[in-house]
Amino acid sequence: MQAYCYRAATPPRRPRRRISSTASSPRLHTAATAPRVIAGLPVAAHDDLAQARAAAAASAVSYGEMPNYQRVLALGGVKDAAGAAIVGSEATVATQLQGLLDAGATDIWAAVFPVGDTRETRSGSIGHLTELLRELVG
């Protein structure tokens with residue numbers, strides 16, 4: 001039986017100890033199976049960080065009212081989805097995603113969200129990020 005440890009919305013700047021101590025808990029796995037640690041975060045590749053964080057906040061409004069989501073955000077040391085989001089240039093996003101893997105995540109669930117002032121730029125932002133994610137997977 002494979003165990004799953006899910007840490008949604010814990011930003012990549014969170015200490016490695018949080019992920020690795022949870023993943024190494026004997027309650028989660030037997031000697032034959034290693035746990036999967038899934039990092040789920042909102043992700044957007046966009047050069048305007050303020051606009052990207054505003055889009056992250058707008059796309060996650062309903063989550064802000066959920067107590068379980070608020071607890072996970074508090075564990076990550078942030079107050080909302082905008083603070084937990086992985087945003088920046090394509091290179092910055094790639095570095096932050098790699099940071100999650102380096103911290104002990106085995107899988108990344110990228111909750112891609114659009115950024116931009118027009119329908120075309122929002123669609124383009126999703127397209128560019130999807131291509132980046134495909135490249136990172138190999």
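Tutor: The second largest pocket is lined by Ala94, Leu97, Gln98, Leu101, Asp107, Ile108, Ala110, Leu133, Leu136 and Val137. The model is predicted. The space in this pocket comes to about 220 Å³. By class, its lining has eight nonpolar residues, one polar and one charged.

Now the elements behind that list. Helix H5 (90-102), strand S4 (107-112) and helix H6 (119-137) each supply at least two residues of the lining. H5 gives the largest share, with four residues.

Take Leu133 as a way in. Leu133 belongs to helix H6. Its relative accessible area is 21%, so Leu133 counts as partly exposed; the cut-off for buried is under 20%. Leaving aside residues up to four places away in sequence, Leu133 touches Leu97, Ala110 and Val112. Two of these contacts, Leu97 and Ala110, are on the list of lining residues, as is Leu133 itself. Leu133 and Ala110 are 23 residues apart along the chain, and their C-alpha atoms are separated by 8.7 Å.

S4 pairs with S2 in the parallel sense, over six bridges. Within this pairing, Ile38 stands opposite Asp107 in S4. Asp107 is also one of the pocket's lining residues.

S2 and strand S3 (residues 86-88) pair in the parallel sense over three bridges. There, Ala45 stands opposite Gly88 in S3. How enclosed is strand S2 by the rest of the structure? Nine of the ten residues of S2 (residues 36-45) are buried, so the strand is largely enclosed.

The protein chain has six helices and four strands. From the N terminus on, the order is β-α-β-α-α-α-β-α-β-α. Of the 138 residues in the chain, 38% are buried. Take the contacts between residues at least 6 apart in sequence: 75% of them join residues at least 24 apart. The chain exposes about 8000 Å², and carbon and sulfur atoms supply 56% of that area.

To recap: the pocket's lining draws at least two residues each from H5, S4 and H6. S4 in turn pairs with S2, and S2 is largely enclosed by the rest of the structure.

Notes
Residues are numbered from 1 along each chain as its sequence is written. This is a predicted model: local features need pLDDT of at least 70, side-chain atom pairs count only at pLDDT 80 or more; totals for chains, interfaces and linings use all residues. Side-chain values use heavy atoms; hydrogens and water are left out. On a 1 Å grid over the protein atoms alone, a cavity is a set of points where a 1.4 Å probe fits but cannot get out, and a pocket is an open set with protein on both sides within 12 Å along at least five of seven lines; lining residues have an atom within 4 Å of a point. Grid points are joined across faces, edges and corners, and a volume is the space filled by probe spheres set on the points. Ala, Val, Leu, Ile, Met, Phe, Trp, Tyr, Cys and Pro count as nonpolar, Asp, Glu, Lys and Arg as charged, and the others, Gly among them, as polar. Buried means under 20% relative accessible area, exposed over 50%, partly exposed in between (1.4 Å probe, protein chains only). Contact means heavy atoms within 4.5 Å. Accessible areas come from the Shrake-Rupley method with a 1.4 Å probe; for residues, only the protein chains shown count as cover. Two strands pair if DSSP finds at least two bridges between them.
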